[in-house]
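Hello,

I am handing over the structure we talked about, and below it you will find what came out of a first look. Please open it beside this message, so that you can follow each part as you read.

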Amino acid sequence: MRERLGLSLEQTQKLIMTPELRQAIVVLQLSTLELAEYLQQELQENPLLEIKDEEEIAAVEELENDSESFEIDWQEFFQDRSDLGYVRAPREERPEVNYQNFISGQTSLQDHLLLQLKIAAKTERELEIGTFLIGNLDANGYLKIDIKEAAECLKVSPTAVWQVLQVIQRFDPPGVGARNLAECLLIQLRQRRDAPAAAEKIIHHFLPDIAAGRLKRVAKRLDMSLPAVQEVVDYIRTLDPKPGRAFGGGENRYIVPDVIIERVDDDYVVLLNDLAMPRLGINPYYQALMRQEGGCDPATKRFIESKLNAATWLMRSLEQRRLTLYRVVSCLVQEQREFLDKGLKYLKPLTMRQVAAALGIHESTVSRATANKYVQTPWGIFELKFFFASGVERRGGAAAAESIKKIIVEAINSEDPANPLTDQQLQELLQRQGIKISRRTVAKYRDEQGIPAATRRKRY
């Protein structure tokens, strides 16, 4: 077959991602704090954008209204006694004290130990060795360098390093400076006076058995009764395996909800949290410059027009984000009304496709609108993705995974410690409530809640 050249006309559909559309997608999927940082960057790059101070606008309007009807403040007038021959002494003005300056920062583990080392060290050499060892502690307080390696780095004998390490291991918090878990627990054990006699032997030889819940094996090897072993293990579990975690050394990060759901009488109101975001407006100077004929050269005019279009599109994208987020959360309120009224056990299975179909938008839009965002409800703060929960079949409908986990936790909390509920018994309990679920799924939900198996929960 011979190849020929020719012209043909055909119609196709293509999705072209313009810069404006890409910006709208980015704005939609940002959280409130991320969006505030994004807007600060746009304010630096676009001179036409400015922050509107609503308080100043309200103050100007109030001043204009007051100027129309002038009234004398007679109380202030009569307080002025200068015309009566009495001059009041000026009131002493004291500087305001900002009590935030007196709030101390969180002390790090290294600073806490170095302060104790300066008191305990007898020589400059011990202070140098101790400072080096403290610098090699991890966030949990464990020493992450070998004694021989530390001795080679400091060019001292391993005995000198070991002597200083023993001094550090007596510091607060108890257990700091250990090289492994067993040593950490033993350091704490030796600093207590009420430690059981068999605790040290169990820590030395049976830590894996304790972790696996094999108490019968420990009792048999030590020739002890199960209740006695249980009592010693309970005491060991009061020790801190991570003594340095109390000294985080970092800043506390708080979740700022993007949306707030408040109950008003018998209904729920959706409020968007815009306090962290600046209110944007167009600079009036550039607006006036655009209106003036011959106010600027053509190149400057084109530059201002491009920045004006970018600013207008950004403000439009912000408003579209507000509307989309409000519609999505309002739909969640309607779908999860029973959860808002009664609690976590009544959370319904829901998919993004269902919400998208109800709102008449694409499923990807719902995904972007709920990404990295949190909502404050009467039952606490949750991620928006939390409401799109998978579920299992239930008599009369379906049950969400989170509601099933809540039922499992409540059942385990009320169980008999001497005869804990097995996964099979939990499955039968859920099936009696009309929830069709397998034993494997019950074990999965139990593990996700951090609850050990029945053999490890049993009390003797």
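Predicted model: local features only at pLDDT ≥ 70, side-chain atom pairs only at ≥ 80, totals over all residues.

How do the rings of Phe-386 and Phe-387 sit relative to each other? In general, a pair of aromatic rings is described by the distance of the centres and the angle of the planes. The rings of Phe-386 and Phe-387 form an edge-to-face pair, with 5.6 Å from centre to centre and 80° between the planes.

By the rule used for such pairs, there are 6 aromatic pairs in total. One of them joins Phe-382 to Phe-387, again edge-to-face, with the centres 6.3 Å apart and an angle of 70° between the planes. Phe-387 has a relative accessible area of 4%, and because the cut-off for buried is under 20%, Phe-387 counts as buried. Phe-382, at 17%, falls under that cut-off as well and is therefore also buried. Taken together, ring pairs link Phe-339, Phe-382, Phe-386 and Phe-387 into a cluster.

What else does Phe-387 touch, once residues up to four places away in sequence are left out? Its contacts include Leu-332, Phe-339, Leu-347, Leu-350 and Val-375, and among them are also Gln-336, Lys-348 and Thr-377.

Phe-387 also belongs to the largest nonpolar core, a group of 30 residues in which Val-329, Val-355 and Phe-387 have the most contacts. Several elements supply at least two residues each to this core, namely strands E2 (259-264) and E3 (267-272) together with helices H15 (298-335), H16 (337-342), H17 (352-359) and H18 (363-370). Helix H15 gives the most, with 6 residues. As general background, nonpolar side chains in soluble globular proteins tend to be buried together.

A separate detail concerns a charged residue and a ring: Lys-342 lies over the face of Tyr-346, at 5.1 Å from the ring centre.

Finally, here is the wider view. The protein has 22 helices and 8 strands, and 33% of its 460 residues count as buried. Among contacts between residues at least 6 apart in sequence, 64% join residues at least 24 apart. The accessible surface comes to about 31,100 Å², and 50% of that surface belongs to carbon and sulfur atoms.

Best wishes

Definitions and conventions. Residues numbered from 1 in each chain as written. Heavy atoms only, no water. Core = buried A, V, L, I, M, F, W, Y, C linked by side-chain atoms within 4.5 Å. Buried < 20%, exposed > 50% of the residue type's maximum accessible area, 1.4 Å probe, protein only. Helix = DSSP H or I, 4+ residues; strand = E, 2+ residues; numbered from the N terminus. Contact = heavy atoms within 4.5 Å. Areas by Shrake-Rupley, 256 points an atom, 1.4 Å probe, with all protein chains shown as cover. Phe/Tyr/Trp six-rings, centres within 6.5 Å; stacked < 30°, edge-to-face > 60°. Lys NZ or Arg CZ within 6 Å of the ring centre and 35° of its normal.
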